[in-house]
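Dear colleague,

Please find below the structure that I am handing over to you, together with its sequence. My findings follow directly after it.

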Amino acid sequence: MISLIYDHERSSLNKANQHWHFQLQAAPGSDLTFVLQNFDNIWNGQKAYPISDHTPCFISRDGKSWTFIPTQLTSDYKLKIKVHMDSAQLYLASLEPYRISDLEKLLAEIKNNPLVHIETIGKTSEGRSLEIVRVGNPNAPHRVFLRARAHGFETAGNWIVQGLVRSLLQDKSAPYLQKYCLYILPMANKDAVALGRTRFNAQGMDLNRNWDKMADPNVCPENYALENWFKKMIAAGKKPDLAIDLHNDREGNLHVSRPNHDLETYLSHIERFESLLYKYTWYTEGRKGGEFRNPGTIGEGLAERYGIDAFIYEFNFEWAKGLNKVPQGKDWELMGKELKDVFLKYFEGAK
């Protein structure tokens, strides 16, 4: 039995646990069965279960090449996992990992490219740097902002960003970068990634909440730094046209808000973006929301306070409906490559 450790929200009863990533050591040739427990999450005072009988577990001999195995959901809401030890060690993870070291390798790979500029905009609660990566010409007619990894365990955003950036830096990227410039905060919650946490930052704050007001720099320096960057961009006449927050859940929808700011235009823009996702990517899950307000999320906060077309894009970590398979890092990288065409066609159709 393995008891996973919850992370807790500051000043509330909310707690989250959806992450595991550890090394198992045992005799080669042995067959092992173990059970993960502590999945009784609480969200807004209600129980919220983050796993199901479709939840996969990822395994790797070397920590680099990953495959998935099924798990078994027990009647008392635990996950039973069976593994065969081909060697003396085996790595297990809830999603295919993307570590801080993986991000550092990507940044080292692209930093000397003339199309790339990397700017440090602040630090996390524990002093880790927060980078904005710009890809393309800052004077391009349109701008896209992406944020990944606001919640520690949600690795899809990093894989998507990596696929998109590498694709845009290939030789045939000129038509894309003539139309739009890409800005990325690739790992918003580095402390949670380093600490193996599921949702909250090191101060117990959810980086996808409280966007209806300016962040407190003492407990949420990540959002404070990002909002100051948005203000700087707006003051310079370079407000992002699109802002997308990349997440993981068990549904995989676009989460559309209902901001109190030019609502019909906002909804029509998101509907057009969604139609292009169906055409140019493997996205099939559909849209959620648009009929209620949620001003605490970054999507509605940026839309309402700054007039940016912003929304949340979740990716189902249990099943990619459009691919008919359990998604892996390479599948999310493919999504990143496909998104470059979505952005191009979206801005070609902009009025």
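I begin with helix α6, which lies across β17 (242-249), β18, β19 and β20 and runs at about 35° to β20. Please bear in mind throughout that this is a predicted model.

Eight strands form it, in the order β13-β14-β16-β15-β17-β20-β18-β19, and the pairing is mixed. Its edge strands are β13 (116-123) and β19 (287-289), each of which pairs on one side only. From one strand to the next, the twist averages 25°. Within the sheet, strand β18 (residues 254-256) pairs with strand β20 (residues 309-316) in the antiparallel sense, over 2 bridges. In this pairing, H255 stands opposite I312 of β20.

Helix α6 spans residues 263-280 and contains E274. Is E274 buried or exposed? E274 counts as buried because its relative accessibility is 6%, and the cut-off for buried is under 20%. The side chain of E274 makes a polar contact with the side chain of Y283, at 3.4 Å. Leaving aside residues up to four places away in sequence, E274 touches L254, Y283, G286 and R287.

A second residue of interest in the sheet is H142, which lies in strand β15 (residues 142-148). H142 counts as buried because its relative accessibility is 16%. Again without residues up to four places away in sequence, H142 is in contact with K179, Y180, C181, D241, F347 and A350.

I turn next to the helices. The axes of helix α5 (residues 221-235) and helix α7 (residues 298-306) come within 13 Å and cross at roughly 35°. The crossing in which α5 passes α7 is right-handed. On the α5 side, the contact is made by L226, E227, F230, K231 and I234, and on the α7 side by I298, L302, R305 and Y306. By residue class, this contact divides into 6 nonpolar and 3 charged residues, with no polar ones.

How many of the residues of α7 are buried? The count is 7 of 9, and the helix is thus mostly covered. The buried residues are I298, G299, E300, G301, L302, A303 and Y306. Of these, I298, L302 and Y306 also take part in the contact with α5. The cover over the buried residues of α7 includes β15, α5, β17, α6 and β20. After α7 comes G307, which has a positive phi, near 70°.

β1 and strand β5 (residues 31-37) run parallel and are joined by 2 bridges. Here S3 stands opposite Q37 of β5.

Most residues other than glycine have a negative phi. S11 is not a glycine, yet its phi is positive, at about 60°. S11 lies in the loop between β2 (7-8) and β3 (15-16). Its relative accessible area is 78%, so S11 is exposed. In sequence S11 and H142 are 131 residues apart, and in space they are 40 Å apart, C-alpha to C-alpha.

N324 likewise has a positive phi of about 60° although it is not a glycine. Where is N324 found? It is in the loop between β20 and α8 (329-348). N324 is exposed because its relative accessible area is 57%, and the cut-off for exposed is over 50%.

With kind regards

Note on methods:
Residues are numbered from 1 along each chain as its sequence is written. This is a predicted model: local features need pLDDT of at least 70, side-chain atom pairs count only at pLDDT 80 or more; totals for chains, interfaces and linings use all residues. Side-chain values use heavy atoms; hydrogens and water are left out. Axes are lines fitted to C-alpha atoms, for helices over the stretch in contact, and angles run from 0 to 180 degrees between N-to-C directions. Helices (H or I, at least four residues) and strands (E, at least two) are DSSP runs, numbered from the N terminus. A crossing is left-handed if the near helix is turned anticlockwise from the far one by less than a right angle, and right-handed if clockwise. Contact means heavy atoms within 4.5 Å. Ala, Val, Leu, Ile, Met, Phe, Trp, Tyr, Cys and Pro count as nonpolar, Asp, Glu, Lys and Arg as charged, and the others, Gly among them, as polar. Buried means under 20% relative accessible area, exposed over 50%, partly exposed in between (1.4 Å probe, protein chains only). A polar contact is a pair of N or O atoms within 3.5 Å; within protein, one must be able to donate a hydrogen and the other to accept it, and residues adjacent in sequence count only if both atoms are side-chain atoms. Two strands pair if DSSP finds at least two bridges between them.
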